[in-house]
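Below are some notes for a reader who is new to this structure. Please read them beside the model.

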Amino acid sequence: MSYNINGDLMKEKLALLPTSPGCYLMLNEKGDVIYVGKAKNLKNRVKSYFSGAHNAKTEKLVSEIRDFNYIVTNSEQESLILEFNLIKKYAPLYNIRLIDDKSYPYIEITNEKDPMLVVSRYTSVDKDKILFGPYPNVISAKETLKLLQKLYPLRRCNPISKKPCMYYHLGLCLGPCAHEHVDYSENIEKITKFLKGDTKEVLSVLKARMKEASETLEFEKAMEYRDMIRAVEETTQKQIISLNDFKDRDFVSFACNEDDIAIHILMMRQGRILDSHQNVISFMDDPKETFLSYLVNFYDKFLLPDELVFDQQIDEETLNHYFDGRVVQPKKGDKKRLIDLAHINAVEDLNHYFKLYRAKSEKLNEQLIELSNIVGRKVEHIEVFDNAHLFGTAPISGMIVWKDNHLERKMYRKFHLQTTTNDDYQAIEEVIYRRYQRLLIEKQAMPDLICVDGGKGQVSRALETLKQLNLDIPVLGLKKNTFHQLEGYVLNEEVTMLDKKGGLYQFLGKLSEEVHRFTISFHKDTKNRKDYSSVLDNIPGLGKERKKKLLIKFSSLDAIKAASNDELREIGLPDKVIKAIKEGIS
């Protein structure tokens, strides 16, 4: 599931993280993965980034985090494997390990006439190799290898000795150095069975030997057997994040409630889970039809994998109608466990979407209903105005738009005021007239509500201007205190103070802050251009082309002042103009 890390929802979002093991991906403002981590408890681990003191590197990481995704796994062991795969895929900036050519080790039975049992590392894997793993715990993998070499020996000497070696005499090698033909098949079968998880017989023997050593007070030997047991259990723990058949397959599941459906896809490439895709969408009638329609569109953009693995929520005949020849619906085994894991993640996505976004949407609808009741009409489209100037210089207005339950930034507008300098009432009249006269001429839709920054005077002027245009649109004044903070609204010449804990205060406050931000930003740009250009406009001999060259070469008036005559000559300015510039901006 993905969250946007900002605003008042931060604590709530972090609180809703699951306590399950899994992997998390930190993203920057561009949506790039900048860090991948694994956790035994996702909630505790991710929350730790946003509380307490950290070292310089972590502080830098946290300062760049804008979103995070997470994938739930069945165990910490699985999260280790998934973390490795995700790091290899994204090569995140802040991961200092696992992003080079190193990789987790495999236990390999070499594919040759006289095979050996070895620990190997591969950045890419050949399908012809006989591999088990990968194993995140390198020490346990090596300890297990030693145990297997004792229990089920293959070849040990490399290269093969011309005469029987020490390993052969100790019973740790089947001895291709002593026999022309050696049958390794029985031991290979036992090794394969063991590494696929059937360890009961071996563990039973080791536990009996540990108990015997302990009873005879051979504690060092007992500890050695104990370590062997731990290594076996850790190495052979079932890891369903990787399958060793090297196929590309997607594990696709969904979960739904009355309104929404969460779709979760675990993407396996070359036998390893490398990524996931998740989305929560609304549906009208049948969630299953919505699910299938979504998948058809999704795989129209991406290459279909070798297999599409589904659970039993949709019958196989229907699935084959859409994805003939690629559908698998396992009832047991590793594939069943992986598709169950995809479903667990889909349920998780749906629950969090409902708690965060559906609840937020419902809260917003309540705020708009309250506002609609206040102004006496349904409000879906709002236009909000603010003015800015500094001692009469660079007078401008800014307008933002709220439409279809979000800020519609493409509809924002900027106005350079022409009839006023520092008269706020005149500014309101001009911008309201210009905006809605144009909408009338172009026959565009009018807003349901107009909000203006100010009190009774600004609202009155706006209504008078609308009356001149024969428009009946309610106007709401956003009343501010001396600190320019929203404290109430003006409607029908009445001032109503708002409860700062109320939903309407939060909604109108959001509009007020956004229009102020947009307008002040526009005003600063306008004023800077005016301040900068007005001085240069008065320089004799400095025409349009020369002025353009000067502005490209130097970034500020101070830079022009500090420039030498030679630097100014380099852009083609004659000495007479250079002298005029120096005198004009001094």
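1. At 14% relative accessibility, Ser75 counts as buried, because the cut-off for buried is under 20%. The structure is a predicted model. Ser75 sits in the loop that runs between strand E4 (67–72) and helix H4 (76–90). A polar atom of the Ser75 side chain lies 3.2 Å from the backbone nitrogen of Glu78.

2. Salt bridges can be followed through the model; a search of the whole structure finds 22. One of them joins Arg249 and Glu307, with an N to O distance of 2.9 Å. This pair links distant parts of the chain: Arg249 belongs to strand E8 (residues 249–256) and Glu307 to strand E11 (residues 307–310), 58 residues apart. Arg249 and Glu307 are both buried. Together with Lys335, Arg249 and Glu307 are linked in a network of salt bridges.

3. Within helix H7 (residues 185–195), Lys190 and Glu186 lie four residues apart, about one turn of the helix. Lys190 and Glu186 form a salt bridge, and their closest N and O atoms are 3.3 Å apart. Lys190 is partly exposed, with a relative accessible area of 36%; Glu186 is partly exposed too, at 49%.

4. Glu218 and Lys221 also meet through their side chains in a salt bridge, at 3.7 Å from N to O. Glu218 has a relative accessible area of 38% and is partly exposed, and Lys221 is partly exposed at 39%.

5. Met223 is placed in helix H9 (residues 219–235). With 43% relative accessibility, Met223 counts as partly exposed.

Terms used
Residues numbered from 1 in each chain as written. Predicted model: local features only at pLDDT ≥ 70, side-chain atom pairs only at ≥ 80, totals over all residues. Heavy atoms only, no water. Helix = DSSP H or I, 4+ residues; strand = E, 2+ residues; numbered from the N terminus. Buried < 20%, exposed > 50% of the residue type's maximum accessible area, 1.4 Å probe, protein only. Polar contact = N/O pair within 3.5 Å; in protein donor to acceptor, adjacent residues only side chain to side chain. Salt bridge = Lys/Arg side-chain N within 4 Å of Asp/Glu carboxyl O.
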